[in-house]
Amino acid sequence: MQIETGVSLKPLNSFGLPATARQLVRIRSDADVRQVLDHPELGLAPKFILGGGSNVILTRDMPELVLKVEVMGLRVLRQTADAVVVEAGAGERWHDLVAWCIQQGLGGLENLALIPGTVGAAPVQNIGAYGLELKDRFESLDTVDLVTGRAVTLFPDQCEFGYRDSVFKRGLAGRSVITRLRLRLPKPWQPVLGYLDLERKMAETGNHAPDARTIFDWVCEIRRAKLPDPAVIGNVGSFFKNPVVTPEQCRDIIARDPHIVHYPMPDGTFKLAAGWMIDACGWKGKTIGHAGVYDKQALVLVNRGGAVGSEVQTLARAIQESVYGRFGIRLEPEPIMV
Ligand code: EPU
């Protein structure tokens, strides 16, 4: 085990925010976690688990021991009559897993193409896009408990998945290192096409029966057209969750703002498009300090170059206040603020 000191986290978070880790250890296997826990000094030190750094806003240097998860590997674990189960190391890039599945002829994850971050981070916030969430394909994951050192496999119910939420953001936050993820790709493959942007692609191309690779290509095109590439412009994807409100609240808001974009949920509640609300408050393209609101999608905050975490926080608060002032809705950030 190698302990790195004074490590710059700037290249390790997708917003490109400056912060230094006092100590950092790369985790390449379950055994690496146990070595850290058995270490006379590091064993009891407070720890921070870092994946692809695409869902974190760093506002300070990290006195905690940073565990950078780099467990690799992609494989088909088993095939059954009704599914193919694939297994991926938590350190693999999520998009590489999706692209690898498509190359193997395995459909099922294509709607989740190009989501930044690692495989291990995907279940933490139950990533989702274009009508599909990670939980819809989830089979199980392996963790090492940072308190007991025990390897534990968790199944769907134990992960408590919700909209951009899981037990790893609550009860198990900072406690479990996710090392491997298993996904169940149902057989026969069926496309998930309900989402408006995909329906538009079908109408544009005249292809009403796209295969998995075509949907993969479409999702990549749609995302590239409206979301910034973190390798070019620092960002963490959607900065706020789409708020969920009661039918009464939704009716109230529609009475005041008839054009608000809203979607009925299966449980009778309504999801409001936070991007639409931020846009309606005039934030698109605006900048505070070195942090700004992306000009093609108001839900995404971007690094205009040289941003620091506190500027991102200031911008996020200003947006929250104006959305609250106009709509009476409190927007909740999606990334973890550290
Ligand atoms: N809209 C505006 N102005 C804007 C942005 C959006 O009017 O500046 C409107 C759009 O026209 C559309 C509605 O708001 O009618 C929703 O926008 P979009 O379809 O782009 O999706 P979103 O709600 O902004 C969510 C996810 C994305 C995911 C897309 C596609 C959340 C917080 N975000 O975005 O996830 O890719 O749907 O499924 O749920 C992420 O989490 O990082 C992410 C990118």
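**Exercise 1. Work out how helix 4 and helix 5 are oriented to each other in this predicted model.**

Solution. The end result is that helix 4 and helix 5 are roughly perpendicular to each other. Step one: take helix 4 as residues 196-205 and helix 5 as residues 212-226; the two pack at an angle of about 110 degrees. Step two: compare this with the cut-off, in which angles of 65 to 115 degrees count as roughly perpendicular.

**Exercise 2. List the residues through which helix 4 and helix 5 meet, and sort them by class.**

Solution. On the side of helix 4, the residues are Asp197, Leu198, Lys201, Met202 and Thr205. On the side of helix 5, they are Trp218, Val219, Glu221, Ile222 and Lys226. Sorted by class, the contact of helix 4 with helix 5 holds 5 nonpolar, 1 polar and 4 charged residues.

**Exercise 3. Describe the open sheet of 5 strands and the helices that pack on it.**

Solution. Begin with the strand order, which is 6-7-12-10-11, with antiparallel pairing. Next, find the edges: strand 6 (74-79) and strand 11 (151-154) each pair on one side only. From one strand to the next, the twist averages 20 degrees.

Then look at one pair inside the sheet. Strand 7 (residues 83-89) and strand 12 (residues 176-186) run antiparallel and are joined by 7 bridges. Within strand 12, Arg180 is the bridge partner of Gly89.

Last, place the helices. Helix 1 (residues 30-38) touches strand 10 (138-145), strand 11 and strand 12, and its direction makes about 30 degrees with that of strand 10. Helix 2 (residues 94-103) touches strand 6, strand 7 and strand 12, with its direction at about 50 degrees to that of strand 6.

**Exercise 4. Find the cis peptide bond between Lys187 and Pro188 and locate Pro188.**

Solution. The bond from Lys187 to Pro188 has omega near -5 degrees, and is cis. Pro188 belongs to the loop between strand 12 and helix 4.

Note on methods
Residues numbered from 1 in each chain as written. Predicted model: local features only at pLDDT ≥ 70, side-chain atom pairs only at ≥ 80, totals over all residues. Heavy atoms only, no water. Pairing = 2+ DSSP bridges. Helix = DSSP H or I, 4+ residues; strand = E, 2+ residues; numbered from the N terminus. Axes fitted to C-alpha atoms, helices over the stretch in contact; angles between N-to-C directions. Contact = heavy atoms within 4.5 Å. Parallel < 35°, antiparallel > 145°, perpendicular 65-115°, else oblique. Nonpolar A, V, L, I, M, F, W, Y, C, P; charged D, E, K, R; others polar.
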